[in-house]
Amino acid sequence: MVNVEEIRDYAANLLGKGEVKSVLGFRRGSASAFAEPCTITDVGEAASLVWDPTCLNNLTLYLVKDHKQQAAAKTPDNRPVGIVAKGCDSRAIGVLLQENYFKREDVVVIGVSCEGTGVVDPRKLSAKLKGRTASRVSFYGADGINVRVYGEETETVIPAQEVLADRCLECRAAIPTLNDIVFGEAVGAREFDEPFHAAKAAESLSADERWATWEHHFDRCLRCFACRAVCPMCYCPECVVDSTTFVVTLGTSAEEKANRIRWCERSANTSESAVYHLTRAIHLAGRCIDCGECERVCPVNIPLRLLNTKLEKEAFEMFEYQAGHDIEQASLLSSFRDEDPNSFIR
């Protein structure tokens, strides 16, 4: 079992010695039982760090934000950032290192093992509680989640498999492979669901059935871009499917507007949304580490993780490649081996 006090002491020691400028972690949320991301810069704040099944976010996103802020700062603080990282978070850091987004010495990875469980899916937990609101959620043994409900004295133990996020059910590496220290027991793959279980189930449908399903989902997309905003791999300063730097002003000419490259419009209709999501999924091929953040933040519950795990499955089966597992390995799309399929590329 992960000892939270040990995480707090380690973070406080790093900050006290000035070895990091900040530590990214989780603290108790003010609005619900779910933890919220935090950045601590003072030794005294380390006591607020928590670790339980409600630590949902992939904190690697905040490493990317810090990197951008330091690049724009007149007097940047070049000391490393400490980060509390789950297995999937550490793989995200690994991909960024493979892509030379930052250097290994820029980050101190405080690894935490998800041990026998993982993080809960708030939607599954809400359905399980049937309208009641959880006041506390914690690990319980090797495969259980302990839930206390507001206004009730007793606690309920729910089998982890019933409320865990889908990504945790299929997880193949519940311990951070990239780390400077790890808290908790070293565990390998879980045995809740086989890897790529959801992708294999989707493949069993006919092409017409698959298209009808995705046409329904693309039709519901709001084009809010929350999936892009939460993804640590979407760090491009200019997005090919949605310009974030082209600002239309009173001085922008019609020619400048016409010449701007637009792969798809921002309007929320089925065809434009299909182009956006499929382009984004291909952009993440060989890079997605299955943290499921895109799906978690989608306000209309589009199963976006399914698109990405389909490509993750293809990369694994065709090239035995797993994103973020080995930072010494070249990224998938920048390398090839003689025995790789599709010899036309050589």
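**Entry 1: strand partners.** I looked up Gly25 and found that its bridge partner in E2 is Cys38. The model is predicted, so I kept to the rules that local features need pLDDT of at least 70 and side-chain atom pairs count only at pLDDT 80 or more, while totals for chains, interfaces and linings use all residues. Residues are numbered from 1 along each chain as its sequence is written, and side-chain values use heavy atoms, with hydrogens and water left out.

Strands here (E, at least two residues) and helices (H or I, at least four) are DSSP runs, numbered from the N terminus. Two strands pair if DSSP finds at least two bridges between them. E1 (residues 22–27) and E2 (residues 36–40) are antiparallel, with five bridges. E1 also has three bridges to E3 (residues 81–85), and that pair runs parallel. In E3, I found Ile83 opposite Leu24 and Val81 opposite Ser22.

How many residues of E1 are buried? Five of its six are, so I noted the cut-offs: buried is under 20% relative accessible area, exposed is over 50%, and partly exposed is in between, using a 1.4 Å probe and protein chains only.

Entry 2: I traced an open sheet of five strands with mixed pairing, in the order E2-E1-E3-E4-E8. E2 and E8 (181–183) are at the edges with a single partner strand each, so one side of each has no neighbour in the sheet. From one strand to the next, the twist averages 25°.

**Entry 3: helices on the sheet.** Contact means heavy atoms within 4.5 Å. For angles, axes are lines fitted to C-alpha atoms (for helices, over the stretch in contact), and the values run from 0 to 180 degrees between N-to-C directions. Helix H1 (residues 4–16) packs on the sheet and touches E1, E2, E3, E4 (107–112) and E8; its direction makes about 170° with that of E4. Helix H3 (residues 87–98) lies across E3 and E4, at about 140° to E3.

**Entry 4: cysteines.** A disulfide is a covalent bond between the sulfur atoms of two cysteines. The rule I used asks for a pair of cysteine sulfur atoms within 2.5 Å, and the count is zero.

Cys114 is buried, at 7% relative accessible area. For Cys236, the closest cysteine sulfur is in Cys234, at 7.0 Å, again too far for a bond. Cys236 is partly exposed, with 37% relative accessibility.
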